[in-house]
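Subject: Structure handover

Hello,

Here is the structure I promised you. Please open it and keep it beside this email while you read.

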Amino acid sequence: MIDSIHTIVVGTAKSLKGDFYYKKAKDKFWKSIFYSGITPEQIMPSEWKKIHRYGIDFMELTHRIHPTDATIAKNELDVLKFLADIEKITNLKNIIFNGKTAAKPFAKYINQKLIAPPYGLKDWNFNNLQIFILPNVTMGINHHKLWVPNEVEYFNCWVETWRLIKNNCEIEK
């Protein structure tokens, strides 16, 4: 399966909810993949392994589960393990960082800065990969607000990125 992966979505920590990715009610991840046309059906978080058939997989920068990014110590974000893991993926073309917190340690390691606008395709030269930083898919989940004013814009950023990846990679239908 590792040979069929072309895109890795990188987060900070795995879900507290068990063997799932992006299960919170406000998570827009699965909806964005469906809206972009990558998947012909809406995949449920509990069915996350289905995403492999479309050349997509997940990685985390920590080895422990955390309720929020705020509970992660900087020294827990293991960029070296991440780099070793992606070296094993022979057909990797894209890395999507789910939020700035996930992207910062990688950017620092390759001597890049997160400059405005922080989201989108980066012009970073790293192993001929396309590097994207996208808004955290828990859009609207803000510990101080119930809704983030640019939630629709953030969702559209994900959808457009998936469409770009779909056009640049062979996606099984």
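Start with the sheet. Five strands make up an open sheet, and their order is β2-β1-β3-β5-β4. The pairing is mixed. The edges belong to β2 (56-60) and β4 (120-122). Each has a single partner strand, so one side of each has no neighbour in the sheet. On average, neighbouring strands of this sheet are turned by 25 degrees against each other, direction ignored. Bear in mind that this is a predicted model.

Now look at one pair of strands. β1 covers residues 7-11 and pairs with β2 in the parallel sense. Five bridges join β1 and β2. To find one of them, go to I8: its bridge partner in β2 is D57.

Next, the helix on the sheet. Helix α3 (residues 100-109) lies across β1, β3 (94-98) and β5 (130-134). α3 runs at about 125 degrees to β3. Which residues of α3 are buried? They are A102, A103, P105, F106 and A107. Their cover includes β1, β3 and β5, and also α2 (79-87). After α3 comes N111, which has a positive phi, near 60 degrees.

Is N98 buried or exposed? N98 has a relative accessible area of 7%. Buried means under 20%, so N98 counts as buried. What is N98 in contact with, leaving aside its neighbours within four places in sequence? The contacts are V10, G11, Y22, L134, P135, N136, V137 and W158.

Last, a pair of helices. Two packed helices are described by the angle between their axes and by the distance between the axes. Take helix α1 (residues 29-36) and helix α4 (residues 151-168). Their axes come within 8 Å and cross at roughly 50 degrees. That angle makes α1 oblique to α4. The crossing of α1 with α4 is right-handed.

Here is who meets whom:

- From α1: F29, K31, S32, I33, Y35 and S36.
- From α4: F155, W158, V159, W162, R163 and K166.

Of the residues in this contact, seven are nonpolar, two are polar and three are charged.

Best wishes

Technical notes:
Residues are numbered from 1 along each chain as its sequence is written. This is a predicted model: local features need pLDDT of at least 70, side-chain atom pairs count only at pLDDT 80 or more; totals for chains, interfaces and linings use all residues. Side-chain values use heavy atoms; hydrogens and water are left out. Two strands pair if DSSP finds at least two bridges between them. Helices (H or I, at least four residues) and strands (E, at least two) are DSSP runs, numbered from the N terminus. Axes are lines fitted to C-alpha atoms, for helices over the stretch in contact, and angles run from 0 to 180 degrees between N-to-C directions. Contact means heavy atoms within 4.5 Å. Angles under 35 degrees count as roughly parallel, over 145 as roughly antiparallel, 65 to 115 as roughly perpendicular and the rest as oblique. A crossing is left-handed if the near helix is turned anticlockwise from the far one by less than a right angle, and right-handed if clockwise. Ala, Val, Leu, Ile, Met, Phe, Trp, Tyr, Cys and Pro count as nonpolar, Asp, Glu, Lys and Arg as charged, and the others, Gly among them, as polar. Buried means under 20% relative accessible area, exposed over 50%, partly exposed in between (1.4 Å probe, protein chains only).
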